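Please consult the sequence and the three-dimensional view shown here.

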Amino acid sequence: QMGPAHMAVGALLYRMKDYKGAVEAHKRAVALMPNDPGALYNLGLAQQALAEKGDRRAANDAITTYLRTLELNPKLLPARFNLARMYYTLRNYAQAVVHFRQALALAPKDLKLQVDTAVAETWAAQTVADTSLRKDYQSAAEKRYKQVLAAKNAPRNAYVGLGFLYEQMGRLEDAAKTYADWAQKMPRDAA
């Protein structure tokens with residue numbers, strides 16, 4: 001029963017922000033429990049933490065680990081969300097969109113996830129040469145932002161994202177209106 005013990009040590013090291021130590025402990029746990037999505041997910045978290053400190057190799061390792069985690073448990077929302085974030089961080093916006101959308105299918109009412117998906121779609125639209133695909137991304141992002149903005153407590157980044165999307169689309173009047181709506185609904189932000 002050393003696998004759970006290594007997981008516990010890894011979790012402790014992670015909380016202490018010793019991410020390299022956490023990665024090593026979680027690797028030992030995964031070696032003993034290779035088909036345990038929880039062990040893999042924890043390894044991915046530690047690798048992601050290293051990646052956020054600038055370790056590019058750890059970013060790729062985290063992606064590989066999250067993909068393996070999702071092979072074992074495709075409905076593990078935190079793994080799907082973190083995988084999308086890793087792709088986004090590496091500016092692989094098309095893959096980020098794929099995984100944000102899959103995460104959103106698991107939690108369709110999550111406003112933050114809707115905005116994150118729309119942001120990834122907005123950036124993906126900027127990176128594709130295919131005009132049809134660009135329009136698909138832009139249309140999906142616009143629809144998603146508007147859906148979020150219809151909610152009672154829409155987050156500010158939905159306004160910013162929609163305004164930015166409109167700017168990128170050359171719809172400057174729509175962008176100005178979106179920013180004005182934001183200033184009206186959140187006057188502290190405008191000050």
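In the chain, the mean positions of the 27 positive and 18 negative charges lie 3 Å apart. Lys and Arg count as positive and Asp and Glu as negative, while His and the chain ends are not counted; each charge is placed at NZ of Lys, CZ of Arg, CG of Asp or CD of Glu.

The model is predicted: local features need pLDDT of at least 70, side-chain atom pairs count only at pLDDT 80 or more, and totals for chains, interfaces and linings use all residues. Residues are numbered from 1 along each chain as its sequence is written, and side-chain values use heavy atoms, with hydrogens and water left out.

The chain has eleven helices and zero strands (DSSP runs, numbered from the N terminus: H or I of at least four residues for helices, E of at least two for strands).

The structure holds ten salt bridges, each a side-chain nitrogen of Lys or Arg within 4 Å of a carboxyl oxygen of Asp or Glu.

| Positive residue | Negative residue | N to O distance |
| Lys 112 | Asp 116 | 2.9 Å |
| Arg 144 | Glu 121 | 2.7 Å |
| Lys 146 | Glu 142 | 3.3 Å |

Arg 144 lies in helix H8 (residues 131-149) and Glu 121 in helix H7, so this pair ties together parts 23 residues apart in sequence. Both Arg 144 and Glu 121 are buried (under 20% relative accessible area; exposed is over 50%, partly exposed in between, with a 1.4 Å probe and protein chains only).

Lys 112 and Asp 116 are four residues apart in helix H7 (residues 111-127), about one helical turn. Lys 112 is exposed at 52% relative accessibility, whereas Asp 116 is buried at 16%.
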